[in-house]
Amino acid sequence: MHPKIGALLAKFPRIELIPWETPIQYLPRISEMLGVEVYVKRDDLTGLGIGGNKVRKLEFLLGDALAKGADTIITMGAVHSNHAFVTALAAKKLGLDVVLVLRGKETLKGNYLLDKLMGIETRVYDVEKTPDLILYAEKVAKELEEQGKKPYIIPIGGASPVGTLGYVRMVGELSTQISSLGLKFDTIVDAVGSGGTLAGILLGLELTKLEVEPVGMAVGIFGEKMMQKVVDLARESAKLLGVSVELKEPRIYDYSFGAYGKIVREVAELIRLVGTKEGILLDPVYTGKAFYGLMDLAKKGELGERILFIHTGGMPGIFHYGEDMLRLL
Ligand SMILES: Cc1ncc(COP(=O)(O)O)c(CNC2(C(=O)O)CC2)c1O
């Protein structure tokens, strides 16, 4: 762990949910296809339940919830939400109650099937966008308070200054890994949904002075608001840490293929390619779109000679949308 990052984060309550460092893996056959070196940081292997990037954020978010005496966790997402399921599983593991406030159709596939299998309480609402759920989540919190419970609301994707510390810590872990491997990366690429992961990477790179350019691949329609959210989150986390930093806007590209959650043939083909070439499974909502963007830009020479992809998990999405993808292949 980078000493400066370790020292800064030591003052925040953190529950260890990831008992190891996630590995960095070279992708020889994808690298050969692209003519540049591609590595992947296996944050799909963070280990709690379905793993993924949210577990890093939850170490600090659930640490904060417990420090504040919470007994019930509320969070939000689409019914296919990786974040919602892994939050619920971590909360249950820590002996906390949990209510998931979700949007969409109750489909017993992927994460929603896991929610039900684990006996997690879900409230599903027919709203357009996940932020529309905030009001419902606040109502659930009020209802719980009237029952004498102490609820703690985790925002969509865990995208808050406290949650962002999870990816500041990831960069602290990464910096010692790459110096012992003697590797220097030109770019670090991740999927952008609620923006917290990229925000943490942005701040972590600034604090460690690691000379790697962060590049985001937005999987929802990307607009100026998203960029602002990433930079604001990084700034608020810096304030939380009590550090003043100069933060440059990262490059963020729109690889949503027109809409968040839209299942497209190009990504189904990409998932099959990476799966059969490297034995690594990507998902159709997040990491498949982000890796498509990585390959697209790498072919144009826009990501440098050595690229690190953060595999942020999302496996259940393959089972939620598997039939849709098969019909496209
Ligand atoms: C597998 C996977 N990879 C990347 C991301 C994007 O991370 P950020 O939300 O931190 O930008 C998600 C998010 N998922 C959300 C969810 O509800 O699951 C927050 C949107 C993800 O699940």
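How far apart are the axes of helix H10 and helix H11, and at what angle do they cross? I'll get to that in a moment, but first some housekeeping. This is a predicted model, where local features need pLDDT of at least 70 and side-chain atom pairs count only at pLDDT 80 or more, while totals for chains, interfaces and linings use all residues. Residues are numbered from 1 along each chain as its sequence is written, and side-chain values use heavy atoms, with hydrogens and water left out.

Okay, back to the opening question. The axes of H10 (residues 265-278) and H11 (residues 287-299) come within 9 Å, and they cross at roughly 80°. A word on labels: helices (H or I, at least four residues) and strands (E, at least two) are DSSP runs, numbered from the N terminus. Axes are lines fitted to C-alpha atoms, for helices over the stretch in contact, and angles run from 0 to 180 degrees between N-to-C directions. H10 and H11 are therefore roughly perpendicular to each other, a label that covers angles of 65 to 115 degrees. On the H10 side, the contact is made by Glu266, Val267, Leu270, Ile271, Leu273 and Val274. H11 brings Gly288, Lys289, Phe291, Tyr292 and Met295. Contact, by the way, means heavy atoms within 4.5 Å. By class, that gives eight nonpolar, one polar and two charged residues. For the classes, Ala, Val, Leu, Ile, Met, Phe, Trp, Tyr, Cys and Pro count as nonpolar, Asp, Glu, Lys and Arg as charged, and the others, Gly among them, as polar.

H11 also leads us to a sheet. It lies across strand E2 (37-41), E7, strand E8 (213-218), E9 and E10, running at about 170° to E10. So what order do the six strands of that open sheet follow? It goes E1-E2-E10-E7-E8-E9, with mixed pairing. Two strands pair if DSSP finds at least two bridges between them. At the edges we have E1 (24-26) and E9 (251-254), each with a single partner strand, so one side of each has no neighbour in the sheet. From one strand to the next, the twist averages 25°. Zooming in, E7 (residues 187-192) and E10 (residues 306-310) run parallel and are joined by three bridges. Look for Thr187, which stands opposite Ile307 in E10.

While we're here, find Arg42, in the loop between E2 and H3. Is Arg42 buried or exposed? Buried, with a relative accessible area of 12%; buried means under 20% with a 1.4 Å probe, protein chains only. Leaving aside neighbours within four places in sequence, Arg42 is in contact with Thr22, Pro23, Gln25, Ile280 and His311.

Now the other sheet. This one is open too, with four strands in the order E5-E4-E3-E6 and parallel pairing. E3 (residues 72-78) and E6 pair over four bridges, and Thr75 has Ile154 as its bridge partner in E6. Two helices lie over these strands. H4 lies across E3, E4 and E6, at about 170° to E4. H5 (residues 110-117) lies across E4 and E5, at about 140° to E5.

Thr72 sits in E3 and is buried, with a relative accessible area of 1%. Apart from neighbours within four places in sequence, Thr72 has contacts that include Asp97, Val98, Leu144 and Tyr152.

Next, the inside. A nonpolar core here is a set of buried Ala, Val, Leu, Ile, Met, Phe, Trp, Tyr and Cys residues joined through side-chain atoms within 4.5 Å. Of the 53 residues in the largest one, Leu58, Leu62, Ile73, Leu207 and Leu241 touch the most other members. Which helix gives the largest share of this core? That's H9, with eight residues.

Last stop: H9 (residues 224-241) packs against H7 (residues 161-181) at about 90°, with axes 9 Å apart. That makes H7 roughly perpendicular to H9. Among the residues that meet there are Val162 and Leu165 in H7, and Leu233 and Leu240 in H9.

Conventions
Parallel < 35°, antiparallel > 145°, perpendicular 65-115°, else oblique. Buried < 20%, exposed > 50% of the residue type's maximum accessible area, 1.4 Å probe, protein only.
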